[in-house]
2 protein chains.
Amino acid sequence: MSQASRAFMDRLGLSVPIVQAPMAGFQASALAIAVGGAGALGSLAGALLTPQMLRDEAKAVRAQAGRPLNVNFFCHQPAAVDEAREQAWRAALQPYYDEFGVDPRGIAAGPARLPFDDAAAAVVEELRPEVVSFHFGLPSPGLLERVRRTAAQIWSTATTVDEALWLEAHGVDAVIAQGLEAGGHRGMFLTDDITTQLGTMALVPQVVASTRLPVIAAGGIADAGGVAAALRLGAVAAQVGTAFLLCPEVTTSALHREALASEAARHTALTNLFTGRPARGIFNRLMRELGPMSDLSPVFPSAVTALMPLRAAAEKAGHADFSPLWCGQNARGARRVPAADIVRSLATMSESR
Amino acid sequence: MSQASRAFMDRLGLSVPIVQAPMAGFQASALAIAVGGAGALGSLAGALLTPQMLRDEAKAVRAQAGRPLNVNFFCHQPAAVDEAREQAWRAALQPYYDEFGVDPRGIAAGPARLPFDDAAAAVVEELRPEVVSFHFGLPSPGLLERVRRTAAQIWSTATTVDEALWLEAHGVDAVIAQGLEAGGHRGMFLTDDITTQLGTMALVPQVVASTRLPVIAAGGIADAGGVAAALRLGAVAAQVGTAFLLCPEVTTSALHREALASEAARHTALTNLFTGRPARGIFNRLMRELGPMSDLSPVFPSAVTALMPLRAAAEKAGHADFSPLWCGQNARGARRVPAADIVRSLATMSESR
């Protein structure tokens with residue numbers, strides 16, 4: 001293990017160089033507590049929690065002595081709904097509405113991904129997590145300054161060398177280099193061209209060489225060999241998400257668990273169909289029939305709304321054809337065991353081999 | 001270094017766990033000899049060499065004592081030219097023909113990528129390379145049996161777990177797990193859907209876990225940390241291509257070298273525009289204007305023909321707008337030094353760190 005990795009762990013009080021990926025909609029304090037208890041960095045994902053829920057979950061983690069906490073936020077600019085685009089999207093979905101007998105005029109707004117805002121900053125000021133991490137760039141300077149005054153480390157996600165350089169110039173303390181193997185939303189923010197996205201093996205060493213920041217490697221890391229490989233690429237730690245998706249501490253749906261544990265998980269794709277932003281999930285019917293990346297989907301995050309009744313109807317019938325089955329390109333690490341066991345198996349090779 | 005990696009090296013007489021990627025159109029014996037002299041496995045690429053050229057180049061490598069040789073072949077089924085598709089492709093290119101004053105009716109056929117055939121098998125029987133590696137699957141059983149009777153190790157490329165399982169079932173001795181970071185042609189052969197393609201960090205451990213074959217990792221590996229990381233993922237060796245593209249032993253064009261050494265190399269994409277099959281190269285004008293993956297391009301390898309005069313005219317004017325600038329996602333390892341120096345720097349960390 002490098003000196004930089006050791007220093008990174010010491011500063012956060014970690015015993016293993018592993019960060020649990022924040023997974024909005026899938027986990028709260030139970031996972032962060034379990035992971036923290038095993039010596040890794042537990043995380044909460046703010047994007048789908050109300051401020052009060054976030055406060056409660058952060059307090060629950062805080063009640064455990066000596067466990068550092070990472071709270072993650074999306075920091076997109078909420079886009080106004082584009083009615084014409086929304087109508088075109090619903091027109092594209094009309095054959096599915098017909099198939100499931102859904103009247104699209106009756107659809108209520110879906111769960112909104114919330115950006116980091118005043119209320120979230122107030123929770124950070126109250127709970128003072130050791131790390132506040134961002135996805136989709138950084139919040140406004142005023143909000144960022146409020147975080148900085150709490151003495152939290154500020155991290156954000158880079159998917160290209162350009163994004164890493166931008167984040168360094170904007171004063172982050174570490175960068176999460178998110179290789180395109182990663183499940184869930186791409187953190188990309190300087191471009192929406194997915195051909196710019198790099199595999200972990202290519203991204204991490206280039207970010208390490210291009211910036212002076214500590215680099216946390218993410219994407220495709222699902223076992224001890226992957227963690228050790230990430231350190232060899234110059235990362236100070238590895239961020240792991242998909243490997244936790246079958247754990248009891250995670251609220252992955254039964255259909256999602258079934259897909260993760262099957263050969264279906266071998267084929268994922270980046271898709272903007274479910275939220276309007278590219279995110280990696282298991283290839284399913286909607287992706288196959290509309291193409292995983294489509295010009296039709298509304299801007300983030302409102303794409304989710306029009307799909308809600310289709311998802312509900314299909315899930316009721318036992319199919320995940322319209323569900324976002326977030327998953328990275330390496331689901332082999334996901335096992336039906338407590339999260340602490342996942343952390344322990346991830347860490348077995350990072351010291352030596 | 002693992003026992004498996006050591007056994008792999010011993011069997012081939014290598015002193016470092018590094019394979020030089022065969023690069024059709026860019027290299028012949030000079031690179032293979034330089035790489036072999038530094039203890040790695042040198043390779044020749046048969047796809048753009050006539051049998052006589054291949055024989056001469058293989059003999060030149062064979063004249064060096066004690067250096068093992070890998071000869072690589074494409075094994076696509078040559079497709080008949082689809083006239084309607086070819087005409088549609090030329091229609092799409094018409095604005096460029098107009099811009100450069102080219103009459104597309106006068107275009108001669110471009111350089112053909114040759115599949116492994118009787119003549120190539122005869123060269124293998126004569127020169128008896130230690131390794132015969134394939135791209136795009138495997139040749140016919142009869143041709144494969146001729147290779148096997150020379151006692152050569154038979155390798156082929158897998159870009160998915162399914163392809164690795166197929167190759168194992170068809171009796172290969174090792175598999176090259178080609179992550180999507182890799183430059184040049186994707187070896188994919190069971191699918192033409194590029195969403196199936198995995199990053200090296202995800203592909204290698206899954207192939208290692210799914211087969212009993214030795215796995216050579218390829219894609220994004222450009223420095224000693226990358227080689228060490230590949231070994232940690234369970235690979236017995238790393239295959240490296242892009243890092244050699246600025247070496248004096250390689251025939252990379254001046255415009256290509258310029259692009260490789262610039263920030264342009266940070267953005268590559270998979271494109272089928274240049275040959276009809278997905279291959280990774282530096283993003284350029286043709287890719288930007290037609291989209292890097294297009295339904296318009298003719299089937300492999302005939303797409304190359306219609307572009308020849310545009311490429312020539314643009315290159316004459318100092319632009320690589322219509323040239324295939326093959327390059328992986330990590331060009332940082334490419335330096336203007338002899339290939340032996342690249343091998344030595346790649347190998348510095350693989351023993352220890």
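So, β6 and β8 of chain A: four bridges join them, and they run parallel. When I say helix or strand, I'm using DSSP runs, helices being H or I with at least four residues and strands E with at least two, numbered from the N terminus. Two strands pair if DSSP finds at least two bridges between them. One pair to look for is A:A177, whose bridge partner in β8(A) is A:A217.

Before I go on, this is a predicted model, where local features need pLDDT of at least 70, side-chain atom pairs count only at pLDDT 80 or more, and totals for chains, interfaces and linings use all residues. Residues are numbered from 1 along each chain as its sequence is written, while chains are lettered from A and ligands numbered from 1 in the order in which they are written.

Okay, the other neighbour. Strand β8 (residues 215–218) of chain A is joined to β9 (residues 237–240) of chain A by three bridges, again running parallel. Here A:A218 has A:Q239 as its bridge partner in β9(A).

Buried means 20 or more other C-beta atoms within 10 Å of a residue's own (12 or fewer is exposed, in between is partly exposed), with C-beta atoms placed from the backbone.

Now zoom out to the sheet. Eight strands of chain A make an open sheet with parallel pairing, in the order β1-β9-β8-β6-β5-β4-β3-β2. At the edges stand β1 (18–20) and β2 (42–45) of chain A, each with a single partner strand, so one side of each has no neighbour in the sheet.

Let's move to the two chains together. 34 residues of chain B are in contact with 34 residues of chain A, where contact means C-beta atoms, placed from the backbone, within 7 Å. The elements giving two or more residues to chain B's side are α8 and α9 of chain B, and α8(B) gives the largest share, six residues. Helix α8 (residues 200–210) of chain B is itself mostly covered, with nine of its 11 residues buried, among them B:M201 and B:L203.

Which helices pack at about 175 degrees? Those are α9 (residues 224–232) of chain A and α9 (residues 224–232) of chain B, with axes 8 Å apart. Axes are lines fitted to C-alpha atoms, for helices over the stretch in contact, and angles run from 0 to 180 degrees between N-to-C directions. The two helices are therefore roughly antiparallel (over 145 degrees; under 35 is roughly parallel, 65 to 115 roughly perpendicular, the rest oblique). On α9(A) the contact is made by A:G225, A:A228, A:A229 and A:R232, and on α9(B) by B:G225, B:A228, B:A229 and B:R232.

How values were computed: Two residues are in contact if their C-beta atoms, placed from the backbone, lie within 7 Å.
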